[in-house]
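User: I have the sequence and the model open side by side, and I'd like to go through a few spots with you. Could you take me through the helix packing before we turn to the sheet and some single residues?

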Amino acid sequence: EDYEPYARAGNRIVLLDGRSEKYAFDSVLINDTEAAAEAVEYLVQKGHTRIGYLQGESRIQAFRSREKGYYQVMNQHGYAVRPEYIATLGTRIETAYQKMKEYLSRTKEVPTAFFADNDVIAIGSMQAMKECGYRIPQDISVIGFDDIAYGIVSDPPLSTVHVYKQELGARAVRELLSADNKNSEAKVKIQVCAEFIERGSVREMTNEP
């Protein structure tokens with residue numbers, strides 16, 4: 001419904017990191033699904049088979065796309081996605097931390113690794129894990145998404161997916177200024193690829209059962 005007022009706008013509109021399934025707009029997007037799949041595949045290559053998912057309780061489009069990447073890799077490798085390995089958390093550091101503590105207090109078994117919808121969720125969760133006696137990455141590995149500055153100095157430094165936000169903005173403006181597209185009826189969706197960043201929050205499994 002947010003897009004409806006703009007659906008018949010006379011001027012050109014380019015959505016930045018947004019998409020509509022109902023209305024046709026030009027869009028510049030992050031390749032969320034592929035980037036998330038690459039991150040989960042990295043965990044698989046490190047020997048993890050029991051991989052969980054830290055999902056934000058607000059299911060925005062980006063999170064839903066990243067969820068697809070998680071399930072895609074798990075299904076490709078035939079790994080079970082167990083409901084007890086999915087934790088729904090708040091999207092601020094403090095709410096992710098609190099809800100992760102609640103999750104850990106009631107779960108009987110945790111996976112060896114988690115993929116998180118974003119870095120904020122990952123960092124809040126990591127603090128909860130440490131307070132509950134889990135070592136990162138020795139007991140649980142964690143990967144985030146967005147590459148926020150705090151992830152570099154978190155303990156341990158967070159492995160994540162780097163998003164080229166300046167390039168997203170620049171590409172959207174170039175689309176608006178492009179003379180070739182001003183009068184075109186064809187809508188264009190451009191994806192800017194993200195990049196996986198390896199740091200210290202993932203361990204390599206050697207004796208995974």
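User: Which residues in H3 meet H4?

Analyst: On the H3 side they are Ile93, Ala96, Tyr97, Met100, Lys101 and Leu104, and they meet Val120, Ile121, Ile123, Gly124, Ser125, Gln127, Ala128, Met129 and Glu131 in H4. Contact here means heavy atoms within 4.5 Å. By class, this contact holds ten nonpolar, three polar and two charged residues, where Ala, Val, Leu, Ile, Met, Phe, Trp, Tyr, Cys and Pro count as nonpolar, Asp, Glu, Lys and Arg as charged, and the others, Gly among them, as polar.

User: And what am I looking at, an experimental structure or a predicted one?

Analyst: This is a predicted model, in which local features need pLDDT of at least 70 and side-chain atom pairs count only at pLDDT 80 or more, while totals for chains, interfaces and linings use all residues. Residues are numbered from 1 along each chain as its sequence is written, and side-chain values use heavy atoms, with hydrogens and water left out.

User: At what angle do H3 and H4 cross?

Analyst: The axes of H3 (residues 93-106) and H4 (residues 119-131) cross at roughly 45 degrees and come within 7 Å; axes are lines fitted to C-alpha atoms, for helices over the stretch in contact, and angles run from 0 to 180 degrees between N-to-C directions. That makes H3 oblique to H4, given that angles under 35 degrees count as roughly parallel, over 145 as roughly antiparallel, 65 to 115 as roughly perpendicular and the rest as oblique. Their crossing is right-handed, a term used when the near helix is turned clockwise from the far one by less than a right angle, with anticlockwise being left-handed. Helices (H or I, at least four residues) and strands (E, at least two) are DSSP runs, numbered from the N terminus.

User: How do H1 and H2 cross?

Analyst: The axes of H1 (residues 32-45) and H2 come within 7 Å and cross at roughly 40 degrees, so H1 and H2 are oblique to each other. H1 passes H2 in a right-handed crossing, and the residues of this contact divide into eight nonpolar, four polar and four charged. Among the residues that meet are Ala36, Val40 and Val44 in H1, and Ser65, Gly69 and Val73 in H2.

User: Switching to the sheet, what is the order of the three strands?

Analyst: The order is E1-E2-E8 in an open sheet with parallel pairing, two strands being paired if DSSP finds at least two bridges between them. E1 (14-16) and E8 (189-192) stand at the edges with a single partner strand each, so one side of each has no neighbour in the sheet. The twist averages 20 degrees from one strand to the next.

User: How many bridges join E2 to E8?

Analyst: Four bridges join E2 (residues 26-30) to E8, and the two run parallel; in E8, Gln191 is the bridge partner of Leu29.

User: Now Gln55, is that buried or exposed?

Analyst: Gln55, in strand E3 (residues 51-56), counts as buried because its relative accessibility is 14%, with buried meaning under 20% relative accessible area, exposed over 50% and partly exposed in between (1.4 Å probe, protein chains only). Leaving aside neighbours within four places in sequence, Gln55 is in contact with Glu67, Ile86, Ala87, Thr88, Leu89, Asp117 and Ile121.

User: Where is Tyr79 found, then?

Analyst: Tyr79 is in the loop between H2 (61-76) and strand E4 (86-89), where it is partly exposed at a relative accessible area of 23%. Beyond its neighbours within four places in sequence, Tyr79 is in contact with Val44, His48, Thr49 and Met74.

User: What is the phi of Asp17, and what is that of Asp146?

Analyst: Asp17, which is not a glycine, has a positive phi of about 55 degrees; it is in the loop between E1 and E2 and is partly exposed, with a relative accessible area of 35%. Asp146, also not a glycine, has a positive phi of about 120 degrees; it is in the loop between E6 and H5 and counts as buried at 18% relative accessibility.
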